[in-house]
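Welcome! Take a moment to look over the sequence and the structure, then read the briefing that follows.

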Amino acid sequence: GFHLSGTVTDPAMQSEPETVCNVAISFDRCKITSVTCSCGNKDIFYCAHVVALSLYRIRKPDQVKLHLPISETLFQMNRDQLQKFVQYLITVHHTEVLPTAQKLADEILSQNSEINQVHGAPDPTAGASIDDENCWHLDEEQVQEQVKLFLSQGGYHGSGKQLNLLFAKVREMLKMRDSNGARMLTLITEQFMADPRLSLWTQQGTAMTDKYRQLWDELGALWMCIVLNPHCKLEQKVSWLKQLKKWNGVDVCPWEDGNHGNELPNLTNALPQGANANQDSSNRPHRTVFTRAIEACELHWQDSHLQHIISSDLYTNYCYHEHTENSLFDSRGWPLWHEHVPTACARVDALRSHGYPQEALRLAIAIVNTLRRQQQKQLEMFQAQKKELLQIGVTSITNLEGWVGHPLDPIGTLFSSLIEACRVDDESFHGFSDFTENMGQCKSLEYQHLPAHKFLEEGESYLTLAVEVALIGLGQQRIMPDGLYAQEKVCRNEEQLISKLQEIELDDTLVKIFRKQAVFLLEAGPYSGLGEVIHRDSVPMHTFAKYLFTCLLPHDAELAYKSALRAMRLLVLESMAPLGDTSRPHHIASVVPNRYPRWFTLSHIESQQCELASTMLTAAKGDVQRLETVLESIQKNIHSSSHIFKLAQDAFKIATLMDSLPDITLLKVSLELGLQVFPSFIITTVEDRNWTLCWWV
């Protein structure tokens with residue numbers, strides 16, 4: 001009952017004859033522990049013949065003859081039968097087994113041989129001891145070869161996709177609580193660390209490719225999930241910690257922020273940093289892609305409050321009267337979870353990854369309720385200091401660590417956990433999310449407001465909570481991180497999260513959430529990216545505000561414009577631009593060409609600012625007052641002549657659409673913007689003569 005063997009026939013094809021493959025499968029306690037097949041195919045996954053034999057045994061058990069373990073059969077034989085058995089076995093397979101048979105015979109006849117020091121003999125058909133470890137068969141050599149091959153292809157021939165599929169396979173193993181998940185990730189990591197390009201890039205001071213960096217990010221995130229397994233044994237965690245520290249200590253181990261070696265200068269001090277202006281950030285210890293997983297090895301799940309949160313939907317305390325900042329319950333008696341937000345969300349990801357979706361959902365709701373309570377507290381703090389802050393006009397940094405673009409993707413984790421609970425066609429909520437999402441094969445999904453969890457307000461659902469936490473994260477005031485890769489990741493993750501939100505059809509309930517968050521973001525001061533007073537180095541809100549504007553416009557135009565106009569600012573340019581003649585409302589301060597090297601994504605940010613302005617111009621067509629307000633905002637906030645020129649062109653095109661009469665106000669906006677960049681306009685007349693003539697007319 002522990003060993004299955006059979007023959008599988010491949011039918012003849014036009015170009016190939018019929019072939020017969022010999023297959024042997026060992027299994028123990030409902031797991032396939034080893035496989036062999038004479039087909040010779042080498043792959044990480046089982047060949048078709050192994051799968052065929054396994055399915056045949058499952059579907060037609062009555063047609064597979066059962067035998068006692070071979071040791072039991074041999075025990076029933078007398079001496080003559082045993083000799084006949086051995087001699088026939090050697091005769092049938094003499095070319096394969098004769099050398100081994102002769103060697104064993106010699107050892108058995110030698111009294112001092114090692115084989116005679118052991119009582120009994122092994123029996124592969126009898127199964128393992130109950131104390132032996134049992135795990136699914138994994139061909140470690142093939143895993144290493146495949147990863148090495150994919151890495152050598154440098155991202156070409158779909159190798160990046162294949163590596164992502166391997167990562168998805170690891171997550172699938174974790175969800176099934178297959179111990180091979182950590183084993184397979186270890187093999188993958190060893191090949192990544194052995195990639196010769198790491199040393200080459202470090203020596204040359206060049207950056208690794210963006211796709212390759214994203215693979216390293218996923219590797220680090222997976223190790224975070226591994227070490228946060230809520231039911232792993234202490235000796236396992238000790239072993240993982242030892243291995244992680246070993247990789248972490250290698251010189252070529254990639255840094256978390258992407259700034260390895262001489263890839264990018266650390267330009268934290270390129271712009272004044274207030275009280276910390278003289279702090280040399282190059283002296284700070286650099287974090288590698290494994291640092292967070294190493295730190296997570298110190299975390300545990302024994303906290304009684306945490307255990308109550310994840311294990312019960314009925315955990316409340318309506319008599320709880322402590323309303324301090326870190327209180328365990330809110331005023332409604334609902335549980336809160338106060339922990340470093342990315343770390344708390346990493347726990348949610350670990351629970352989901354290891355096949356505990358309900359526990360992950362309970363913790364996610366507690367975290368979101370904590371964030372909403374924190375929002376309210378921050379609003380109250382700002383209102384108490386509002387008059388003083390507005391008089392000063394500057395503020396300190398409120399969030400050094402942004403949640404959107406963070407290595408652990410806390411907002412994305414919360415959003416995914418909640419959105420999975422309201423998918424109409426999701427048959428696998430008992431398990432994990434669709435792995436094809438990360439492979440660019442995401443199908444169109446429908447979401448609905450499923451029955452509310454106990455700890456949600458009346459009328460709320462998992463869907464409203466998912467949308468609200470996404471808006472909280474996108475609107476968070478956060479400092480622009482150091483380095484090109486970290487800044488590009490902020491932009492990329494913001495766009496990815498907005499793309500997911502765009503898949504959801506807005507109804508009246510969700511519109512209320514948008515209104516609520518827009519009002520909070522406008523009133524929350526330095527704690528919000530749309531607050532009245534924020535730090536100069538805050539990540540701009542142009543991309544988010546454009547999405548917010550388009551969602552709110554049909555329902556609350558006043559709030560939509562107020563949010564978008566507030567987001568138009570680009571404080572890092574305003575604070576650094578030299579003083580000039582500000583008597584002219586359309587004055588543009590000249591900016592040094594090599595500007596602010598710390599903001600590597602500045603050109604992308606300015607283009608997003610231009611897109612936001614263009615969106616407002618289009619929506620304001622026919623509304624004189626709004627067009628004048630948008631024009632003033634453009635003149636005040638946009639510092640790039642090329643972008644102002646583009647907006648002048650956009651305004652002209654919108655004003656002269658073929659299906660309507662020309663909009664005179666928009667034409668005036670176009671002319672005003674064109675005059676603002678008049679020197680640039682003269683230079684570009686040769687490039688677009690028709691546009692020039694239209695303007696002169």
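**A first look around**

The side chains of Ser 26 and His 3 are joined by a polar contact of 3.3 Å; a polar contact is a pair of N or O atoms within 3.5 Å, where within protein one must be able to donate a hydrogen and the other to accept it, and residues adjacent in sequence count only if both atoms are side-chain atoms. This is a predicted model, in which local features need pLDDT of at least 70 and side-chain atom pairs count only at pLDDT 80 or more, while totals for chains, interfaces and linings use all residues. Residues are numbered from 1 along each chain as its sequence is written, and side-chain values use heavy atoms, with hydrogens and water left out.

**Around Ser 26**
- Ser 26 sits in strand S2 (residues 19-28); strands (E, at least two residues) and helices (H or I, at least four) are DSSP runs, numbered from the N terminus.
- Ser 26 counts as buried because its relative accessibility is 14%, and buried means under 20% relative accessible area, exposed over 50% and partly exposed in between (1.4 Å probe, protein chains only).
- Apart from neighbours within four places in sequence, Ser 26 is in contact (heavy atoms within 4.5 Å) with Phe 2, His 3, Lys 31, Ile 32, Thr 33 and Ser 34.

**Nonpolar cores**
- In soluble globular proteins, nonpolar side chains tend to be buried together.
- A nonpolar core is a set of buried Ala, Val, Leu, Ile, Met, Phe, Trp, Tyr and Cys residues joined through side-chain atoms within 4.5 Å.
- The largest nonpolar core has 144 residues, and Ile 188, Phe 192, Trp 216 and Phe 290 touch the most other members.
- A second, separate core of ten residues includes Ile 25, Ile 32, Val 50 and Val 64.

**Aromatic rings**
- The whole structure holds eleven aromatic pairs; rings of Phe, Tyr and Trp (its six-membered ring) pair if their centres lie within 6.5 Å, with planes under 30 degrees apart counted as stacked, over 60 as edge-to-face and the rest as tilted.
- Trp 247 and Phe 290 make a tilted pair, 5.6 Å centre to centre with 35° between the planes.
- Trp 247 belongs to helix H10 (residues 234-248) and Phe 290 to the loop between H10 and helix H11 (291-296), so this pair ties together parts that are 43 residues apart in sequence.
- Trp 247 is buried, with a relative accessible area of 5%, and Phe 290 is buried too, at 0%.
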